[in-house]
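Subject: Structure for you to look through, with notes

Dear colleague,

I am handing over the structure below, and my notes on it follow. Please keep the structure open while you read, so that you can look up each place as it is named.

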Amino acid sequence: MDIAIVGAGAAAVGLLDSLAATADSPGAITVFEPSPHLWRGRPYGPDLDTVLVNAPPAIMSIRHLDFAHYAAWLGTRGPVHLDERLGQPLVPRALYGEYLAHTAETALATLREDGWRVRVVTAHVTGAARSGARWSLRTEDGRGHEADHVALCVGGGTPQDHYGLGGASGFVDDPYPLARILDQVAADSNVAVIGSGLTAVDVVVSLATRGHTGPTTLLSRSGVLPHVWQRPVEHRPQHVTAERVAALHQHHGAVALQDLIGLLRAELAETGEDFESFMAELLATMTEDPVRRLRAQLDAVDDSRIGRRVLQETAHSVGPYAWRLLPEPERLRLRRHFRMATSVASPMVPVNAATMMRLLDSGQLTIAPGVRKIEAADGVFRVRRDDDERTFDAVINAVNPPPQAIPRRAGQLVTALLADGSAELHPAGGLVPADPRLHVVGDLAGGGPFITSSIAGVAAQAARAAQTIVAAGDSGAMS
Ligand SMILES: Cc1cc2nc3c(=O)[nH]c(=O)nc-3n(C[C@H](O)[C@H](O)[C@H](O)COP(=O)(O)OP(=O)(O)OC[C@H]3O[C@@H](n4cnc5c(N)ncnc54)[C@H](O)[C@@H]3O)c2cc1C
């Protein structure tokens, strides 16, 4: 069996790791990746040491369900990067990239020992079409490549230029790698960061660590900041589990939002926590002053209540499965809470929260919601809000692309697959294979949840794709 893997980021690493553990009839694997930073994808390439992973080690394992895999690799490197409030190591993202590279190289070595022919082609895939029982892929240099299975591991989108500022001097359209862009920002300049999510936090923290002395403003429509991670506790969810969701599905033939809420309610009842006040606290995300909220959350890092922890964990583990079972009107209801859900499901790490708090307290950082318009004119940026107008020297785009966005680099390839009829666009975004020999791992997978995936989610998808590919190979070998 010949497998083509398009893209060499975390999703490809998870797929190779699973294939190395499960595939026993050798064939060939070709990985296509134009970037010189193999296995690191968009987030985990070389960058400033201040750009940290944003989750504790147990949920950063690229080996599905092996919660200790990454922590074991980290070993004695961990304590150097301890976030004392969280009680967990949080390493620079570039160091996490070394873990991904190590895992990929180990998987490739195992596959080779088992008789697989494995190669990496440094090229961008621009087309794919079915040709009889095989796939024919095309790379940018015009070369053709054959395969039996194609796995798209092309990642997510890049920030959108909502205000049409592209090309304006002083505008940074994509902040990563931060090492490259921060050198372009004068230390005393008046900087606006568009967005208030995790990318905006990365920008603010890196500016501060680089000695930025000028004012920084987070421009955002909502002004909502990510929640703050809490110290991990021993508790394992007993009710919000894939098994309980499957049982509900089997029993009622469908899963409703009320059923999922019922599971969470039961989970909280186990520890005597009040569900209503937990929900009220969550819903206040959209209305409460973000600075007050940040301060309260920093104070609650050690709070032993499990509510938020359960939601944060299960949003990425059980969430993708439950999402597919929900009727469309219920998904629509949830999508309306996108900002709040993202804020809870993708929290910031306490060390970054503390820096944000310090900057907010000193007045160097402010949050400006209600942005209507941003224009570049006369060498500055004019920002119009609901009730005022301000000017800035530089604007950094930290708007995250919507989940299931088509990455720019995969645009031609996706167009070719649609033209071939081997995939369809999902009405809510992303790509759905129309051929069992096509697999999508990562954010591009259509029909997936409305929040951006995490390493844990990508690892689960990769393990499932490996299982499907191996099963198809086994049935092919028997026929
Ligand atoms: C900035 C950032 C930080 C994140 N931090 C965390 C975190 O700390 N913890 C966490 O759990 N999750 C995090 N995530 C979410 C998730 O871990 C990452 O998105 C993860 O990198 C996804 O891996 P991927 O392989 O799907 O995509 P990517 O890592 O983006 O890799 C996709 C690869 O495909 C290649 N590619 C694209 N098109 C083509 C083509 N046509 N031909 C060949 N190659 C192609 C690209 O060059 C790229 O290398 C973060 C996401 C971002 C964007």
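A residue is called buried when its relative accessible area is under 20%, exposed when it is over 50%, and partly exposed in between, with a 1.4 Å probe and the protein chains only. By that rule Q404 counts as buried, at 10% relative accessibility.

Before going on, please note that this is a predicted model, in which local features need pLDDT of at least 70 and side-chain atom pairs count only at pLDDT 80 or more, while totals for chains, interfaces and linings use all residues. Residues are numbered from 1 along each chain as its sequence is written, and side-chain values use heavy atoms, with hydrogens and water left out.

Backbone angles

Most residues other than glycine have a negative phi, and most peptide bonds are trans. Q404, although it is not a glycine, has a positive phi of about 65 degrees, and its place is in the loop between strand 17 (394-397) and helix 15 (411-420). Here helices (H or I, at least four residues) and strands (E, at least two) are DSSP runs, numbered from the N terminus. W39 also has a positive phi, near 75 degrees; this residue lies in the loop between strand 2 (28-32) and helix 2 (69-74) and is buried, with a relative accessible area of 1%. Where is the cis peptide bond with omega near -10 degrees? This bond runs from Y176 to P177, and P177 is found in the loop between strand 10 (171-172) and helix 4 (178-182).

Two helices with a buried side

In helix 15, the buried residues are L413, V414 and L417. They cover an arc of only 95 degrees around the axis, which puts them on the same side of helix 15; the arc is that of the directions from the helix axis to the C-beta atoms. Q412, T415 and A419 are exposed, on the face of helix 15 that is turned away from the buried side. Just after this helix comes G421, with a positive phi of about 80 degrees.

Helix 9 (residues 290-299) has P290, R293, L294, Q297 and L298 as buried residues. Their arc is only 135 degrees around the axis, which places them on the same side of helix 9, whereas R292 and D299 are exposed on the other side. The buried residues of helix 9 pack against helix 8 (275-283), helix 10 (307-317), helix 14 (350-362) and strand 13 (365-368), where contact means heavy atoms within 4.5 Å.

Charged side chains

Side chains of opposite charge can pair when their charged atoms come close. A salt bridge is a side-chain nitrogen of Lys or Arg within 4 Å of a carboxyl oxygen of Asp or Glu, and by this rule the count comes to 29 salt bridges. One of them joins D388 and R385 at 3.0 Å, N to O; D388 counts as partly exposed at 26% relative accessibility, while R385 counts as buried at 14%. Another is formed by E328 with R335, the closest N and O atoms being 3.4 Å apart, and here E328 is partly exposed with a relative accessible area of 37%, as is R335 with 26%. D2, R134, E146 and D148 are linked in a network of salt bridges.

D443 is found in the loop between strand 20 (438-440) and helix 16 (455-478).

Of the 29 residues around the ligand, A11, E33, Y44, N54 and I455 come nearest, a residue being near when one of its heavy atoms lies within 4 Å. A backbone N or O atom of I455 lies 2.8 Å from an oxygen atom of the ligand, and one of R42 lies 3.4 Å from an oxygen atom of the ligand. For V125, a backbone N or O atom lies 3.0 Å from a nitrogen atom of the ligand. Such a pair of N or O atoms within 3.5 Å is a polar contact; within protein, one must be able to donate a hydrogen and the other to accept it, and residues adjacent in sequence count only if both atoms are side-chain atoms.
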